Amino acid sequence: MEDLLGLLDFGPVFENGDRILEGFWGTIRLALMSALLSMVIGTIAVSFRVAPIPLLRVVGTVYVNVVRNTPLTLVLLLCSLGISTTLQLKFSDQNTVDAYWWAIIGLSFYTGAFICEVLRSGINTVPLGQAEAARSIGLTFTQSLRMIILPQAFRTVIAPLGSTLIAMIKNTTVVMAAGYAEAALAMYELFDDPNNQPPAIPLFLTIAAGFMVLTLPTGFFFGWLAKRMAVAR
Amino acid sequence: MSKEANVLFDAPGPRAEARNRILTGVSVVVLLAVVAAVVWKLNDRDQFDTALWEPFLRGDVWSNLILPGLWNTLKAAAVASVLAMLFGAVFGLARLSDHWWIRVPAGAVVEFFRSIPLLILIFLAFFAPPLVSPVIAESPLGQAQRVVVDNFLFVFGVESNYGVVTVPAFAALVFGLTMYNGSVLAEVIRAGVLSLPKGQSEAAYSIGLRKNGVMRLVLLPQAITAMMPAIVSQLVVLLKDTALGFIIAFEDLLHAGFKVVGPNYHNLLAAAIVVSVIYIGINMSLSALATWLEARLRRNRRTAGHTVTPTAGVPAAPGMEPEDVEKK
């Protein structure tokens, strides 16, 4: 029985605490940057999708449908092995910096499609009368989108937007396929190192707890924000 | 598009039409410039060399390299789908139980597996058993471990050699996919049952059915039809997530593209593009199925429930009640 309890000894995990914390720091850096960029991409894509110009609508639709049906691993491998290595398009000669930026691009490009869909469902909840009122006081398409429609749309979709961002935080783990060091890579390396194998279960629980520390408060924050910002209709 | 008023703009008049034509022209130019830049860059790196694309015209490349990968992808997706739906049904219903000692643990399990990344679960299944199993084999539980592996888990290729249990990539992938997607499906089922009007269960109770009958005969059949689109879109997510097997060297379609065909013929980008087209084709047909189902169910009046779709294909994150998200 004592052997079994030995499986739950967290000591060796703390010895590798630096490596794990470093991994989570990588995850956080990646998540913050990708959250920003994917919001920008998603907003641009949704304004394409609702634009009065049919061609832009087609571009937006194709982007969303193609990206949403592609595995994230494939998107990230295309960025790192395909574009960075094969085409030699690089952000920097330093490999870690290059991998960081390509990981952000891939992750944001992928998440942006989901954000676009969430925002579009938000635009659909805005009553027609709002847009009619906006036009009747002489606002143009861009003005009514910017001042009337999007602010209301954003407020109705805060909760699903939060879910998308949480999914993105969890998706940062896939970036290890593209060669950027984050928490999943730390876990992989600790497991795969034959000289220094920490007990498996404590390591798993630690990494899982780390992600829960990142995702659960984000979820509660967005849930609270959604209630706070709800539009009364 | 028909000429009708939309939330954002009126049906265009003559001036607006002229302006739209100009803007269309500008966007065509910008789009062509982007395409030209990409083509130029590809050409610059000799990516249009026929030698790079020629392998995809040969039958042996498909039958020996790509199709086995595709087969593995589909096999993992199929097995994981069935198991995830089972897991989802069991835990979704357990969360609706009247007994707190069933409801609370089931809720904890579902929330846990939903809030951690899938890849971490796959790593757990792949790396942990060889480290943990020898210790268990020495303990009083050793006998139980052997019985479980030899009688049940061997189906997935799990092996036990002198107490050391090894898990093949396939089984690890299926484990992760089942746990994660099963938890999401459990929430879908729960949200589906909760979305039905209260009168449905009240009426069922009033004619003397018990909890079991209310669930089995009245609520579930209506909820399942309402949830069908959400379930199919979750299966698209599951199929896409099989690509994570690449990281633990599962020989799937992605592996075929990036580790076998690409390096063999030095045509990584070409192989990646072919593989993406296959993935997108499969997933789009599944997504189309989901849309078709949803349209069909909307016409169907035999269920009191409206279709539950997780908003834009994103399941509600843990910490947010599905009911909150559904409310608009």
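In the predicted model, His266(B) is found in the loop of chain B that runs between α10 (253–265) and α11 (268–299). Although His266(B) is not a glycine, its phi is positive, at about 50°. The relative accessible area of His266(B) is 66%, and since a residue counts as exposed when this value is over 50%, His266(B) is classed as exposed.

A second residue of chain B with a positive phi is Tyr162(B), for which the angle is near 50°, again in a residue other than glycine. Tyr162(B) lies in the loop that joins β1 (159–161) to β2 (164–166) of chain B, and with a relative accessibility of 89% Tyr162(B) also counts as exposed.

Among the contacts in chain B with a separation of 6 or more, 71% are accounted for by residues 24 or more positions apart. The accessible surface of chain B comes to about 16500 Å², and carbon and sulfur atoms contribute 65% of that area.

Between the two chains, 75 residues of chain A are in contact with 65 residues of chain B. The area buried between chain A and chain B is about 6100 Å², of which 78% is given by carbon and sulfur atoms. On the side of chain A that touches chain B, the element that gives the most is helix α11 (residues 200–229) of chain A, with 14 residues. By class, this side of chain A holds 49 nonpolar, 18 polar and eight charged residues. The count of salt bridges between chain A and chain B is zero, whereas six residue pairs are found in polar contact across the interface, with both residues of each pair at pLDDT 80 or more.

Terms used:
Residues numbered from 1 in each chain as written. Chains lettered and ligands numbered in written order. Predicted model: local features only at pLDDT ≥ 70, side-chain atom pairs only at ≥ 80, totals over all residues. Heavy atoms only, no water. Contact = heavy atoms within 4.5 Å. Areas by Shrake-Rupley, 256 points an atom, 1.4 Å probe, with all protein chains shown as cover. Buried area = accessible area lost by both parts, 1.4 Å probe. Salt bridge = Lys/Arg side-chain N within 4 Å of Asp/Glu carboxyl O. Polar contact = N/O pair within 3.5 Å; in protein donor to acceptor, adjacent residues only side chain to side chain. Helix = DSSP H or I, 4+ residues; strand = E, 2+ residues; numbered from the N terminus. Nonpolar A, V, L, I, M, F, W, Y, C, P; charged D, E, K, R; others polar. Buried < 20%, exposed > 50% of the residue type's maximum accessible area, 1.4 Å probe, protein only.
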